[in-house]
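Subject: Structure handover

Hello,

Here is the structure I promised to pass on. Please open it alongside this note; my findings come after it.

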Amino acid sequence: MILPLCYFDDPILRKKALPIQEITPEIVKLAEDMIETMINQHNGVGLAGPQVGKLLRIFIIRDEYILPDGKWNFGPPEVMINPQLSEPFAELAVMSEGCLSIPGIHADVTRPVGIKIRYQRLDGQLVEETVSEFRARVIMHENDHLNGVLFIDRLTPKERSGIEPQLRAVKKKYRNS
Ligand code: NI
């Protein structure tokens with residue numbers, strides 16, 4: 001089922017999401033719906049619970065792979081539940097980010113190159129890995145959503161004011177239901 005998205009001035013995007021106590025059939029269905037919504041409807045690489053109106057610590061990501069011929073491809077969707085990030089790399093990187101809740105806007109965001117993550121998969125298995133580059137970027141962006149943070153919050157005041165007109169246009173165009 002395709003879920004409606006919450007757009008950037010929706011107050012739910014500013015709230016802290018709650019831990020998932022148990023991976024119930026409802027959570028499994030939510031994850032499936034989020035995957036369908038992210039891929040089939042929006043062709044995105046990340047979607048977090050609050051973006052579909054669920055204040056729960058869950059997000060979906062797709063990694064990307066560069067093939068030997070230089071072309072890239074999406075990896076399979078992955079579900080991350082109750083993620084905990086720690087030990088960010090000291091080295092920073094600038095990468096262009098966008099967000100399904102802020103359609104059409106992209107901006108360069110500075111974040112650590114990598115970080116450690118612990119999370120549960122949909123089958124409950126606990127995973128611990130050190131991620132870097134694109135994978136780390138998507139995970140950090142989505143994890144921000146669980147804490148009420150949007151990528152536009154990470155811009156400098158000057159960059160932020162530069163995209164204000166676009167943000168106003170998004171606000172006008174995408175109404176929250
Ligand atoms: Ni986003």
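First, a term used throughout: a residue is buried under 20% relative accessible area, exposed over 50%, and partly exposed in between (1.4 Å probe, protein chains only). Glu128, at 48% relative accessibility, therefore counts as partly exposed.

Some ground rules. This is a predicted model, so local features need pLDDT of at least 70 and side-chain atom pairs count only at pLDDT 80 or more, while totals for chains, interfaces and linings use all residues. Residues are numbered from 1 along each chain as its sequence is written, and side-chain values use heavy atoms, with hydrogens and water left out. Helices (H or I, at least four residues) and strands (E, at least two) are DSSP runs, numbered from the N terminus.

**The nickel site**

Which residues hold the nickel ion? The protein donors are Cys99 (SG), His141 (NE2) and His145 (NE2), at 2.1 to 2.2 Å from the ion. Donors here are N, O and S atoms within 2.8 Å of the metal (3.2 Å for Na, K and Ca). Water is not among the atoms, so sites may look incomplete. Along the chain, the donors follow the spacing C-x41-H-x3-H. Both histidines, His141 and His145, sit in helix 2 (residues 133-146). They are four residues apart, about one turn of the helix. His141 is buried, with a relative accessible area of 7%. His145 is buried too, at 1%.

Gln51 is in the loop between strand 1 (46-48) and strand 2 (58-66). Its relative accessible area is 0%, so Gln51 counts as buried. The Gln51 side chain makes a polar contact with the side chain of Ser101 at 3.0 Å. A polar contact is a pair of N or O atoms within 3.5 Å; within protein, one must be able to donate a hydrogen and the other to accept it, and residues adjacent in sequence count only if both atoms are side-chain atoms. The Gln51 side chain also reaches the backbone nitrogen of Ala48, at 2.8 Å. Contact on its own means heavy atoms within 4.5 Å.

Leu5 lies in the segment before helix 1 (25-41). Leu5 is buried, at 8% relative accessibility. Beyond its neighbours within four places in sequence, Leu5 touches Thr37, His42, Leu47, Gln51, Val52, Leu100 and Asn176. Leu5 and Thr37 are 32 residues apart along the chain, with their C-alpha atoms separated by 8.8 Å.

**Salt bridges**

How many salt bridges are there? The count is 14. The rule: a side-chain nitrogen of Lys or Arg within 4 Å of a carboxyl oxygen of Asp or Glu.

- Glu87 and Lys116 meet at 3.4 Å, N to O. The pair links distant parts of the chain, 29 residues apart: Glu87 in the loop between strand 3 (72-86) and strand 4 (92-99), Lys116 in strand 6 (residues 114-120). Glu87 is exposed at 53%, and Lys116 is partly exposed at 25%.
- Arg118 and Glu128 meet at 3.1 Å, N to O. Arg118 lies in strand 6 and Glu128 in strand 7 (residues 126-132), so the pair ties together parts ten residues apart in sequence. Arg118 is partly exposed at 35%.
- Arg160 and Glu164 have their closest N and O atoms 3.0 Å apart. These two are four residues apart in helix 3, about one helical turn. Arg160 is partly exposed at 26%, and Glu164 is partly exposed at 26%.

There is also a network: salt bridges that share partners join Glu97, Arg111, Arg137, Asp144 and Arg154. Arg137 lies in helix 2 and is buried at 5%. Its side chain makes a polar contact with the side chain of Glu97 at 2.8 Å.

**Helix 3**

Glu164 also marks a bend of about 45° in helix 3, and Pro165 follows within four residues. The bend at a residue is the angle between axes fitted to the seven residues ending there and the seven starting there. Ile163, Leu167 and Val170 in helix 3 are buried. Strand 5 (102-112) is part of what covers the buried residues of this helix.

Best wishes
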